[in-house]
Amino acid sequence: MENITLNVNGMSCGHCVKAIEGSVGELEGVQQVKVNLEDAQVTVSFDSEKVTLDKIKETIDDQGYDVL
């Protein structure tokens, strides 16, 4: 299991949290997703044999947020 913290722009409310946690959390291999609005960060625990970091970033981008 790997843990990564991504800096993400554009998150500002509870809807943002639900959108990211819901979409990333549905990916096969993702164990946990935590959004921190104050720090503009998303922390993900995932199995790199089942899902790639690029796929996680792409999923966040698809929700309308910018991964830095």
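The legends below accompany an overall view and several close-up views of a predicted model.

**Figure 1. Overall fold of the predicted chain.** The secondary structure comprises 2 helices and 4 strands, and these elements follow one another from the N terminus in the order β-α-β-β-α-β. With a radius of gyration of 11 Å, close to the 11 Å given by the globule rule for 68 residues, the chain is as compact as a globular protein of that length. The C-alpha trace extends over about 30 × 20 × 20 Å along its principal axes. Buried residues account for 35% of the 68 residues. Of the contacts between residues at least 6 apart in sequence, 59% link residues at least 24 apart.

**Figure 2. Pairing of strand S1 with strands S3 and S4.** Strand S1 (residues 2–9) and strand S3 (residues 41–46) run antiparallel and are joined by 6 bridges. Within this pairing, glutamate 2 has phenylalanine 46 of S3 as its bridge partner. S1 also runs antiparallel to strand S4 (residues 66–67), to which 2 bridges join it. Here the bridge partner of asparagine 9 is aspartate 66 in S4.

**Figure 3. The buried face of helix H2.** Helix H2 spans residues 53–62, and Ile56, Thr59 and Ile60 are buried in it. Viewed down the axis of H2, the buried residues fall within an arc of 100°, so they line one face of the helix. Asp54 and Asp62, on the other side of H2, are exposed. The packing partners of the buried H2 residues are S1, helix H1 (14–25), strand S2 (30–36), S3 and S4. Just after H2, glycine 64 adopts a positive phi of about 100°.

**Figure 4. The largest nonpolar core.** This core contains 20 residues, of which Val8, Ile20, Val24, Val30, Val42, Ile56 and Ile60 touch the most other members. Two or more residues are contributed by each of S1, H1, S2, S3 and H2. H1 provides the largest share, 5 residues.

**Figure 5. Contacts of valine 8.** Valine 8 is among the core residues that touch the most other members. When neighbours within four places in sequence are set aside, valine 8 is in contact with Ile20, Ala40, Val42, Ile60, Tyr65, Asp66 and Val67. Of these partners, Asp66 is also the residue that bridges to asparagine 9 in the pairing of S1 with S4. Ile60 is one of the buried residues of H2, and its helix packs through such residues against S1 and other elements.

**Figure 6. The salt bridge of helix H2.** The structure holds 1 salt bridge. The side chains of glutamate 58 and lysine 55 form this pair, with an N to O distance of 3.8 Å. Because the two residues are 3 apart in helix H2, about one helical turn separates glutamate 58 from lysine 55. Glutamate 58 has a relative accessibility of 41% and therefore counts as partly exposed. Lysine 55, at 35% relative accessibility, likewise counts as partly exposed. In general, side chains of opposite charge can pair when their charged atoms come close.

Notes: Residues numbered from 1 in each chain as written. Predicted model: local features only at pLDDT ≥ 70, side-chain atom pairs only at ≥ 80, totals over all residues. Heavy atoms only, no water. Pairing = 2+ DSSP bridges. Buried < 20%, exposed > 50% of the residue type's maximum accessible area, 1.4 Å probe, protein only. Arc of directions from axis to C-beta. Contact = heavy atoms within 4.5 Å. Core = buried A, V, L, I, M, F, W, Y, C linked by side-chain atoms within 4.5 Å. Salt bridge = Lys/Arg side-chain N within 4 Å of Asp/Glu carboxyl O. Rg over C-alpha atoms; globule rule 2.2 N^0.38 Å.
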